[in-house]
Amino acid sequence: MESIGVLMPIPMSPYLEQELEKRFNLLKLWTVPHKAQFIKDHATSIRAIIGNASAGADAELIDSLPKLEIVASFSVGIDKVDLKYCKEKGVRVTNTPDVLTDDVADIAIGLSLAVMRRLSESDRYVRSGLWKKGGYKLTTKFTGKIVGILGLGRIGKAVAKRAEAFSCPIAYFSRTEKPELKYKYYPTVVELASNCDVLVVACPLTEETRHIINREVIDALGPKGVLINIGRGHHVDEPELVSALLEGRLGGAGLDVYQNEPEVPEQLFGIENVVLLPHAGSDTTETCNAMADLVIRNLEAHFLNKPLLTPVV
Ligand code: 8YV
């Protein structure tokens with residue numbers, strides 16, 4: 001398989017690079033100065049692309065690679081891959097479900113605690129020496145609060161399980177009601193937001209879920225409500241979120257993702273009831289290595305004509 005060209009557009013994981021280099025001809029696009037020319041020069045050997053949450057495969061890239069057979073994404077979310085076009089062109093697509101579920105769900109709970117118990121703010125209070133001057137503010141209890149989950153897939157269910165351990169009643173919105181679950185279902189996001197204390201975005205990004213968190217939903221969550229986004233930045237109308245936080249119409253937000261990563265709206269930097277993470281939900285050594293192993297196993301399966309482990313297309 002050493003002659004198979006595998007295109008990696010941006011750096012993702014040193015372990016993944018190392019394992020790919022052992023098996024394939026890994027082409028690291030970010031290391032070359034003239035990217036378009038580099039793609040042209042290698043177009044006849046590139047048979048796979050490694051995608052992730054920031055770099056995928058659009059129609060233009062797919063069209064420029066006549067030998068492309070598979071896009072293996074180092075992510076569970078595949079919103080950066082043109083799935084319809086891949087299907088049309090017979091290009092297979094894989095992602096990395098399950099292996100990252102625990103970490104992402106852990107981060108949702110971590111962010112909820114961090115916002116409500118003001119963990120980051122309290123850390124800054126101690127480090128800056130303010131503790132000696134007094135004035136520590138009381139925080140908000142998380143245990144027992146109603147947790148609303150938008151999207152009850154693998155990650156949403158894992159968030160629910162963890163929140164239940166904090167005695168939180170669970171409510172949810174998803175495309176279809178899941179009567180087998182004992183959680184309270186709301187048929188609209190606005191109803192869910194009106195009836196929960198913490199709203200966790202855990203659904204895939206699609207045309208239907210883009211800006212699903214709009215002004216109406218934010219206002220329904222209200223000045224005591226907390227928004228946690230572990231999905232994608234584009235789930236949220238970011239300018240509306242910023243205004244709601246600045247105007248005190250929303251109680252707080254814990255964000256792992258943004259519309260234009262790594263750009264984060266600077267107005268958020270001055271707001272204390274907001275906790276900002278650098279899209280790190282699945283970034284543990286254990287999970288990143290497991291994701292990398294899954295990418296490799298999918299590629300190997302594909303090039304050995306075996307069934308893909310986690311196919312999307
Ligand atoms: C990944 C993610 O860390 O899996 C996803 O969809 O967003 C993250 O868990 C990301 O793809 C790495 O860039």
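UniProt, in an unreviewed entry, lists residues 13-312 as "domain: D-isomer specific 2-hydroxyacid dehydrogenase catalytic", with positions given in the numbering used here, feature names shortened, and annotations that may be inferred rather than shown by experiment. The model is predicted, so local features need pLDDT of at least 70 and side-chain atom pairs count only at pLDDT 80 or more, while totals for chains, interfaces and linings use all residues. Residues are numbered from 1 along each chain as its sequence is written, and side-chain values use heavy atoms, with hydrogens and water left out.

The span 13-312 is 36% helix and 14% strand, and its end C-alpha atoms lie 22 Å apart; helices (H or I, at least four residues) and strands (E, at least two) are DSSP runs, numbered from the N terminus.

Helix α1 (residues 14-23) packs with helix α11 (residues 285-303) at an angle of about 25°, their axes being 9 Å apart; axes are lines fitted to C-alpha atoms, for helices over the stretch in contact, and angles run from 0 to 180 degrees between N-to-C directions. That angle makes α1 roughly parallel to α11, since angles under 35 degrees count as roughly parallel, over 145 as roughly antiparallel, 65 to 115 as roughly perpendicular and the rest as oblique. The crossing of α1 past α11 is right-handed, a term used if the near helix is turned clockwise from the far one by less than a right angle, with anticlockwise being left-handed. Tyr15, Leu16, Glu19, Leu20 and Arg23 of α1 make the contact (heavy atoms within 4.5 Å) with residues of α11 including Asn289, Ala292 and Asp293. By class, this contact of α1 with α11 has seven nonpolar, one polar and four charged residues, where Ala, Val, Leu, Ile, Met, Phe, Trp, Tyr, Cys and Pro count as nonpolar, Asp, Glu, Lys and Arg as charged, and the others, Gly among them, as polar.

A further helix pair is α5 and α7, whose axes come within 8 Å and cross at roughly 50°; the two helices are therefore oblique to each other, and their crossing is right-handed. Among the residues that meet are Thr101, Asp102 and Val104 in α5 and Arg154, Ile155 and Ala158 in α7.

Arg154 also forms a salt bridge with Asp98, at 2.9 Å from N to O, the term requiring a side-chain nitrogen of Lys or Arg within 4 Å of a carboxyl oxygen of Asp or Glu. Because Asp98 lies in the loop between β5 (92-94) and α5 (101-116) and Arg154 in helix α7 (residues 154-165), the pair ties together parts that are 56 residues apart in sequence. The whole structure holds 21 salt bridges.

Two backbone details remain. Ser167, in the loop between α7 and β7 (170-173), has a positive phi near 60° although Ser167 is a residue other than glycine. The peptide bond from Glu261 to Pro262 is cis, with omega near 5°, and Pro262 is found in the loop between β11 (252-255) and β12 (274-276).
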